[in-house]
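I opened a new notebook page today.

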Amino acid sequence: MCFIDNCKAFDKVNYWKLFKQLTDDGVNGCIVKMLVYWYSHQQATVCLLRTKSNSFYIGNNTKQGGILSPYLFTRYIRQLLFVISTSKIGCHIGGIAVNIFAYADDVVLLAASWHAMQDLLGLVVNCCTNLDLKCNVKKRNVW
């Protein structure tokens, strides 16, 4: 097993790619438009000792801790999940490749050998490059 951590995964989501994926998947256009407006008009203020800053815009990311964030992030890495799950590399149970488990930004790869794990990690690197994500090798654990 290899546990993969992406560096600041929620902060690195390119939401324009995400919205295109949602549209391509047939998500209702009104919902996608609402998300586009919501994410492109994010503002925040800082309060410190009863003093409030001026509002400022927040850049490209999904809201960490937001109720939609795990769903949206999983949709964002759909290509990665598809590539790994259809690679037929990894452990097999009843003739089915069981090689990836994911919830939001937590991803676990399964392989029966080091060689197979290296192949899976190569696929992960390629997909993460396309998604503008970077693996945090300091937090990667292999069991």
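These entries follow the salt bridges one by one.

Entry 1. I noted that the model is predicted. I searched the whole structure and got four salt bridges.

Entry 2. I looked up Lys17. The side chain of Lys17 meets that of Asp132 in a salt bridge, 3.1 Å from N to O. I checked where the two sit. Lys17 is in helix α2, residues 15-24, and Asp132 is in the loop between α6 (114-130) and β10 (141-142). The pair links distant parts of the chain, 115 residues apart. Lys17 is partly exposed at 31% relative accessible area, and Asp132 is partly exposed at 39%.

Entry 3. I went on to Lys20. A salt bridge of 2.9 Å, N to O, joins the side chains of Lys20 and Asp24. I asked how many residues apart they are in helix α2. They are four apart, so about one helical turn separates Lys20 from Asp24. Lys20 is exposed, with 53% relative accessibility. Asp24 is exposed too, with 52%.

Entry 4. I turned to Arg75. The side chains of Arg75 and Asp25 form a salt bridge at 2.1 Å, N to O. Arg75 lies in helix α4 (residues 69-76), and Asp25 lies in the loop between α2 and α3 (29-40). They are 50 residues apart in sequence, so the pair ties those parts together. I read 22% relative accessible area for Arg75, which is partly exposed. Asp25 is partly exposed as well, at 32%.

Entry 5. I asked which residues the shared partners join into one network. I found Asp25, Arg75 and Arg78 there, joined by salt bridges.

Note on methods. Residues are numbered from 1 along each chain as its sequence is written. This is a predicted model: local features need pLDDT of at least 70, side-chain atom pairs count only at pLDDT 80 or more; totals for chains, interfaces and linings use all residues. Side-chain values use heavy atoms; hydrogens and water are left out. Helices (H or I, at least four residues) and strands (E, at least two) are DSSP runs, numbered from the N terminus. Buried means under 20% relative accessible area, exposed over 50%, partly exposed in between (1.4 Å probe, protein chains only).
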